[in-house]
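Please open the model in your viewer and keep the selection panel at hand. This tour goes from stop to stop, telling you what to select next and what is there.

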Amino acid sequence: VEQLLLALYQQVTSSAGHFFVESVLVLAICYLLFQKSYKPKDQSPDALTPQEIDELCEEWQPEPLVTAEALEAVVKRTDRVLTAQNGSRVTLDGKEAINFASFDFLDFLREDSIKDACEKTIRKYGVGSCGPRGFYGTVDVHLQLEDDISSFMGTEAGIIYSYDVATAQSIIPAFLKRGDLVIRDEAISFPVQAGIELSRAYVKEFRHNDVGDLERILEIVAEADRNKPPKELNRRFIIVEGLYQNTGMVCPLSEVVQLAAQYKYRVLLEESMSFGVLGHTGRGACEHHGIKPSDITLICGSMSTSLASIGGFAVSDAAITAHQRLSSTGYCFSASLPPFNATAASSAIALIQKEPERISRMRNNALALHALLRDMTAALDPAASDSLWLMADEISPIKHLHLVKSKGNRKDDDETLQHLCDLVLQEAQCALVVADYSPLQKGAPCASIRITVTAGHTEKDLVHVCAAIAKAAAVVFKVS
């Protein structure tokens, strides 16, 4: 026993620090084991009784998903039912009308060869693909369309999406994240806006088509970098549209690309409205401005305009395209494009190359309509309560007619313009549309009548619609 106690004493004295720590841990464990379990304090006398809680729950009303203010701002459109489609002619509510509201710029909707090719594809594959591209949703016509688009645009690779609105919303978050920088035109369309917001990148905005304002912002960012260099490199994009749907204006792409190269930014070009429209052969804004597609980081757009199908596309180099196949939500998780729609788009691309005169007819119609609308708006009675002014580039097939005197809020302006459109349809059988914008869109343009011209319109159609608008304006804008 004496030897045991002596050995224990020697052990304690030789490692006093360890012994102390171990003793503290043993005491702490004993304290936790033997302390009383936690009991909440008694409720205060002011606590609610179960009955009072039930009454409060019954009285509670959730806030509406759509507020009363938002409902009041919504303009009720007249529902028009289309029962027949034949190019620039449509049947609405049983009456034939000239269609000035369609984005079928090259008049492909009535093309029999496209319909025949689609019919063959439907008989071979059925209607739907029933799966995303990575899960047995890839059909050979999808791969063919991707090759057709990339070859037509002169890029290394292409990729297609099943929904055009989701195209930009899928692409942008795949390449941008929080901490990255986007400089965008203020008139960018809502799908692109939504894609930028989903990416959570930092956003700066320059005035519409104002290259000087863009350079000013680029210089501000560059000066901030020189004064305080960023801790880590971030991705930086300038995002523009080749032809702006919201204004009908053509982007000054040459100057944008020059500034992007000077300040080391990438360029994302949205070509939904310029594909098939700009350029001698319809290859878009790059061809129109004499720019190599390789100078643009990524080009995307819709296939529901000049290609008269549905879905979206993106073209770029092979690495950027491959990245989308694993990182772009619209590609990975959406059912792939119905095969017959892919066939329709491929057939349309072939026709653009086979019949370039369609582009010439569309462009001549755009120039003619611009001149007619300009003269018509200038001839409106200056003594009337209001008038119209034209916004668009001459070569643009998209024209916007705005009120000279706003009523003070979008709802009243929209109702005034809708009344004018209804009169034109009723009296002259011309289908026009008031441009609609999402309530979520930031900086939505002023209310306008959007007029689109196609290769299928005749000179007589253009003269007729301008005369009809002038006649309706005389009724709506009565002399005060």
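Before the first selection, a term is needed: two axes count as roughly parallel at angles under 35 degrees, as roughly antiparallel over 145, as roughly perpendicular from 65 to 115, and as oblique for the rest. The model is predicted, so local features need a pLDDT of at least 70 and side-chain atom pairs count only at pLDDT 80 or more, while totals for chains, interfaces and linings use all residues. Residues are numbered from 1 along each chain as its sequence is written, and side-chain values use heavy atoms, with hydrogens and water left out.

**The whole chain**

Along the principal axes, the C-alpha atoms fill a box of roughly 125 × 60 × 60 Å.

**Helices H16 and H18**

Now select residues 357-378, which are helix H16, and residues 459-476, which are helix H18; their axes come within 10 Å and cross at roughly 25°. The axes are lines fitted to C-alpha atoms, for helices over the stretch in contact, and the angles run from 0 to 180 degrees between N-to-C directions. H16 and H18 are therefore roughly parallel to each other. Show the side chains next: the contact (heavy atoms within 4.5 Å) includes Leu369 and Leu372 of H16 as well as Val465 and Ile469 of H18. The residues of this contact of H16 with H18 divide into 11 nonpolar, one polar and no charged. Here Ala, Val, Leu, Ile, Met, Phe, Trp, Tyr, Cys and Pro count as nonpolar, Asp, Glu, Lys and Arg as charged, and the others, Gly among them, as polar.

**Helices H7 and H15**

Move on to residues 140-153 for helix H7 and residues 339-354 for helix H15, which pack at an angle of about 30° with their axes 9 Å apart. Among the residues that meet are Leu145 and Phe152 in H7 and Ile349 and Ile352 in H15. The contact of H7 with H15 divides into nine nonpolar, five polar and one charged.

**The mixed sheet**

Select the four strands that form an open sheet in the order S1-S2-S3-S13, where the pairing is mixed; two strands pair if DSSP finds at least two bridges between them. Strand S1 (82-86) and strand S13 (430-431) stand at the edges, each with a single partner strand, so one side of each is left without a neighbour in the sheet. S1 and S2 run antiparallel and are joined by four bridges, with Leu82 opposite Leu92 in S2. These two strands form a hairpin with two residues between them, and Gly87 in the turn has a positive phi of about 65°.

**The antiparallel sheet**

For the last stop, which order do the four strands of the antiparallel open sheet take? The order is S11-S12-S15-S14. Within this sheet, S11 pairs with strand S12 (residues 398-403) in the antiparallel sense over four bridges, and Trp389 stands opposite His402 in S12.
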